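Me: I have a model open and would like to learn how to read its features. Could we go through them together, beginning with the ligand?

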Amino acid sequence: MENNKIEEIKNLLASDKNSVTDIKNLNDLKVKYLGKKGIITELNSEIKNIPNEEKKEFGQKVNELRNIFNEFFDSKKQEFETILLNEKLNSEAIDISLPSTKVVTGAPNILEKLIEEVEEVFMSMGYDVVDGPEIEYDKYNFEMLNIPKGHPARDAQDTFYLEGEEILLRSQTSPVQVRTMLAGKGEVPIRMICPGKTYRRDDDDATHSHQFMQIEGLLVDKNISLSDLKGTIDIIMKKLFGNDVESRFRPSYYQFTEPSVEVDISCFNCKGKGCNICKKTGWITVAGAGIVHPNVLKMAGYDPEVWSGFAFGFGAERLAMLKYDINDLRVFYNTDLRESIIFDRKEAE
Ligand code: DAH
């Protein structure tokens with residue numbers, strides 16, 4: 001009798017299994033069989049009414065039923081969970097074939113970019129890139145560059161003084177020539193460039209700033225002539241402004257070079273015909289330069305009878321303004337984009 005009942009329940013369970021279509025059905029079924037008043041739970045409570053000799057077998061059968069149910073329950077639950085997970089994965093999938101939205105990350109400062117370009121060319125010619133202090137002694141900024149106290153050339157380079165008259169913000173990167181020679185202790189050749197900040201007591205306008213950048217250069221070796229300087233300048237200018245750019249020297253005066261020159265390049269914009277960039281002259285001034293003055297060599301410990309050298313100084317902003325067609329120096333130092341409308345990249349034309 002009890003065996004029949006168990007068989008009946010087994011059959012009922014077998015047909016119930018087929019009707020389970022979702023997790024809710026499955027949980028309902030659990031209540032139906034194993035809940036407080038569930039079919040299998042009730043069978044359990046009938047044990048006490050079974051004659052002793054049949055109790056063991058009955059108990060085993062009930063357990064078997066429970067196991068059948070639990071196995072079914074666990075595997076079905078797993079099945080539903082996998083289905084659910086797959087549905088979720090599909091609905092939340094990211095379509096990586098879609099083009100991404102553009103991320104604006106900013107760009108290198110073009111002044112820095114230009115300086116790096118110049119550094120690379122000089123490094124490829126064996127030059128070292130060196131640094132010097134922005135707070136400088138009068139001695140290096142002027143005196144050892146052959147500009148003694150009271151020299152009228154100091155007027156054009158009036159700067160900011162920190163302590164008395166001996167410590168100042170350097171008005172040029174030329175003192176790094178002196179520092180490099182002193183540190184070299186007579187070693188040759190010296191090939192260095194020094195890009196760096198400089199200061200002058202100037203009122204800011206489109207072409208002047210109380211703070212600006214120069215790129216200094218110095219070469220010391222034997223038998224150095226103006227033609228070495230010309231060749232070097234020519235290479236760097238062609239690299240920056242294109243191969244058809246020519247350079248020329250005009251006589252000039254600096255206290256630390258003799259002879260001194262002003263370096264012009266042929267206008268890369270109008271190719272010499274005359275335009276606004278070259279002020280209708282066909283030429284643009286880009287640097288001061290010359291053959292290192294014997295006094296400067298001597299003061300730095302190099303015998304001018306044996307050694308000679310050339311030096312040059314570019315205005316970094318000036319080069320960047322020419323290269324990128326910027327007509328106001330202040331845009332390099334003004335971080336307010338609303339006021340930087342003057343900035344106009346040549347490549348964008
Ligand atoms: N220091 C000069 C200036 O600020 C530029 C310069 C001229 C640098 C001639 C040099 C040079 O090295 O030889 O105007």
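Me: Glad to start there. How far does a polar side-chain atom of Glu216 lie from an oxygen atom of the ligand?

Reply: A polar contact is a pair of N or O atoms within 3.5 Å; within protein, one must be able to donate a hydrogen and the other to accept it, and residues adjacent in sequence count only if both atoms are side-chain atoms. Here the distance for Glu216 is 2.6 Å. Ligand oxygen atoms also lie 2.8 Å from a side-chain N or O atom of Arg200 and 2.8 Å from one of Gln214. This is a predicted model: local features need pLDDT of at least 70, side-chain atom pairs count only at pLDDT 80 or more, and totals for chains, interfaces and linings use all residues. Residues are numbered from 1 along each chain as its sequence is written, and side-chain values use heavy atoms, with hydrogens and water left out.

Me: How many residues surround the ligand, and which are the closest?

Reply: A residue counts as near if one of its heavy atoms lies within 4 Å. The ligand has 16 residues around it, and Gln172, Gln177, Arg200, Gln214 and Glu216 are the closest.

Me: What about salt bridges: how many does a search of the whole structure find?

Reply: Look for a side-chain nitrogen of Lys or Arg within 4 Å of a carboxyl oxygen of Asp or Glu. The search finds 19. One of them pairs Glu57 with Lys61, at 3.2 Å from N to O. Both residues belong to helix H4 (residues 52-91), four residues apart, about one turn of the helix.

Note on methods
Helices (H or I, at least four residues) and strands (E, at least two) are DSSP runs, numbered from the N terminus.
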